[in-house]
Amino acid sequence: MAVDLLLGLQWGDEGKGKIVDVLTSKYNIIARFQGGPNAGHTLVFNGKKHVLHTIPSGIFHEDTVNLVGNGVVIDPVIFNKELDKLEEQNIDYKKSLLISRKAHIILPTHRLLDAASEASKGKAKIGSTLKGIGPTYMDKTGRNGIRVGDIELANWKEKYRALADKHEAMIAFYNVDVEYNLKEMENEFFKSIEVLKTLTFIDSEEYLHQAHKKGKTILAEGAQGSLLDIDFGTYPFVTSSNTTAAGACTGLGISPNKIGEVYGIFKAYTTRVGSGPFPTELFDEVGETMGRVGNEFGATTGRSRRCGWLDLVALRYACQVNGVTKLIMMKGDVLSGFKTLKVCTAYKYKGDVIHHLPYNIESENVTPIYTDFKGWNEDLTDMTDASDMPQALLEYIEFLEKELEIPITIVSVGPDRKQTIIR
């Protein structure tokens with residue numbers, strides 16, 4: 001039995017939470033493998049909207065185990081608030097939620113460092129969510145971090161104090177105006193640590209190894225998107241973890257030969273939050289309409305998303321890097337009503353026409369080359385079968401499948417779990 005992966009193929013916000021929720025009935029275990037509370041996985045069912053930041057998106061399925069893997073960074077305060085919301089829904093998370101001892105913990109001073117670092121960059125800021133993600137991963141690779149397993153040790157608060165003191169010295173070095181009351185932040189932090197300690201901590205790589213041997217079905221859930229990968233994204237405007245398929249191996253302790261299906265999720269158009277290059281970005285009424293109809297606001301930060309046409313060059317790149325075997329197209333319903341649709345099929349790059357993602361895609365180097373498609377006017381949101389879809393949409397999908405050489409097996413036509421067409 002293989003371990004399947006589910007990944008975002010753009011700059012995040014593709015709708016991974018909804019699809020994990022839809023697919024969960026097929027799996028015994030849902031495992032988050034990277035990122036932190038900068039993720040905002042939105043699920044809609046039974047008329048209610050749910051937003052998860054760290055907890056895997058299978059948590060609303062009673063018989064599914066949900067694992068927060070070693071590659072994730074956890075803010076105990078935000079985590080505690082997520083648990084409170086689950087309790088309001090009468091979700092018995094204690095029996096189904098497991099935490100890797102090797103996952104790193106976001107300290108209050110990590111968030112302050114994040115704010116100080118971003119403020120010091122001025123106009124060159126990268127658009128951080130200011131959740132302390134980057135500084136936590138920096139401590140991880142710098143071998144200074146505090147992990148979930150450490151809070152089981154008698155001297156863990158001494159380790160905390162030493163690291164927090166170091167952080168305060170670093171904040172002073174940035175010489176920017178960051179006001180804070182660390183004592184108040186720490187009170188909330190330590191209370192949340194006590195809540196975290198009521199959950200089950202495990203050696204997750206061993207747990208998954210044994211589960212795999214027993215034939216359990218496992219889905220690894222990614223956060224953010226492939227173009228935000230620390231190595232393969234649009235650096236430096238990226239996140240601080242490996243969001244691609246390789247990150248599932250290091251973020252869960254799964255060997256590459258155990259990987260089965262790689263589900264890649266993309267929107268029928270493209271969005272991006274924060275700073276960074278975006279070749280197909282629209283600054284006109286079309287882009288504004290995409291954002292309004294698509295409700296393009298970050299589930300975590302509330303920031304509006306930049307919108308543009310589908311970038312097939314970037315999407316092909318993400319499919320190659322991840323080894324995608326099946327594609328899932330989201331928000332096809334948002335494109336209803338556009339007379340003409342455009343897809344970027346190549347770039348004009350320094351005088352040449354190229355079909356791959358180059359090192360630098362800033363606007364001074366890259367001009368998108370578009371192919372036009374006839375749009376459709378039909379409302380897709382009540383459609384339940386592929387045979388119901390308008391011909392123009394089918395032609396759009398068939399073109400993408402031919403170009404990418406990967407089947408599009410699911411088309412989402414609305415935010416609710418029921419608004420999902422299996423092809």
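Analyst: Two residues are in contact when heavy atoms of theirs lie within 4.5 Å. Among the contacts in this protein between residues at least 6 apart in sequence, 76% join residues at least 24 apart. The model is a predicted one.

User: What makes the radius of gyration of the protein agree with a compact globule?

Analyst: The rule for a globule is 2.2 Å times the number of residues to the power 0.38. For 423 residues the rule gives a value near 22 Å, and the protein has 21 Å, so the two agree. Along the principal axes, the C-alpha atoms fill a box of roughly 65 × 50 × 40 Å. Of the 423 residues, 58% count as buried. The chain has eleven helices and 20 strands.

User: Which domains does the domain assignment give?

Analyst: The assignment gives domain 1 (3-101 + 201-263), domain 2 (104-196) and domain 3 (266-422). The centres of domain 2 and domain 3, taken over C-alpha atoms, are 36 Å apart.

User: Why is Glu296 called buried?

Analyst: Buried means a relative accessible area under 20%. Glu296 has 2%, so it is buried. Glu296 sits in the loop between α9 (285-293) and β13 (306-308).

User: What makes a polar contact with the side chain of Glu296?

Analyst: A polar contact needs a pair of N or O atoms within 3.5 Å, one able to donate a hydrogen and the other to accept it. The side chain of Arg305 makes such a contact with the side chain of Glu296 at 2.7 Å. The side chain of Lys331 makes another with the Glu296 side chain, at 3.0 Å.

User: What caps the N-terminal end of α9?

Analyst: Asp284 does: one of its side-chain oxygens lies 3.1 Å from the backbone nitrogen of Val286. The buried residues of α9 are Gly287, Thr289, Met290 and Gly291, and these pack against β13. After α9 comes Asn295, with a positive phi near 50°.

User: What is the phi of Asp13, and what is that of Asn175?

Analyst: Most residues other than glycine have a negative phi, and most peptide bonds are trans. Asp13 is not a glycine, yet its phi is positive, about 65°. Asn175, also not a glycine, has a positive phi of about 55°.

User: Which residues does a cis peptide bond join?

Analyst: The cis bond joins Tyr235 and Pro236, with omega about 5°. Pro236 is in the loop between β10 (218-221) and α8 (245-252).

User: How do you know that strand β3 and strand β4 pair?

Analyst: Two strands pair if there are at least two bridges between them. Strand β3 (residues 41-45) and strand β4 (residues 48-52) have five bridges, in the antiparallel sense, so they count as paired. Val44 stands opposite Lys49 in β4. The hairpin of β3 and β4 has two residues between the strands, and Asn46 takes a positive phi near 50° there.

User: What makes a set of residues a nonpolar core?

Analyst: The residues must be buried, be of the types Ala, Val, Leu, Ile, Met, Phe, Trp, Tyr or Cys, and be joined through side-chain atoms within 4.5 Å. The largest such core has 59 residues; among those with the most contacts inside it are Phe266, Leu327, Met389 and Tyr396. Helix α11 (residues 391-404) gives the most to this core, eight residues. Domain 1 (3-101 + 201-263) and domain 3 (266-422) each supply at least three residues to this core. A second, separate core has 32 residues, including Leu83, Ile151, Ile193 and Phe201.

User: Which residues is Met389 in contact with, leaving aside its neighbours within four places in sequence?

Analyst: They are Met383, Leu394, Ile397, Val411, Ile421 and Arg423.

How values were computed:
Residues are numbered from 1 along each chain as its sequence is written. This is a predicted model: local features need pLDDT of at least 70, side-chain atom pairs count only at pLDDT 80 or more; totals for chains, interfaces and linings use all residues. Side-chain values use heavy atoms; hydrogens and water are left out. Buried means under 20% relative accessible area, exposed over 50%, partly exposed in between (1.4 Å probe, protein chains only). Helices (H or I, at least four residues) and strands (E, at least two) are DSSP runs, numbered from the N terminus. Domain bounds come from an automatic or database domain assignment.
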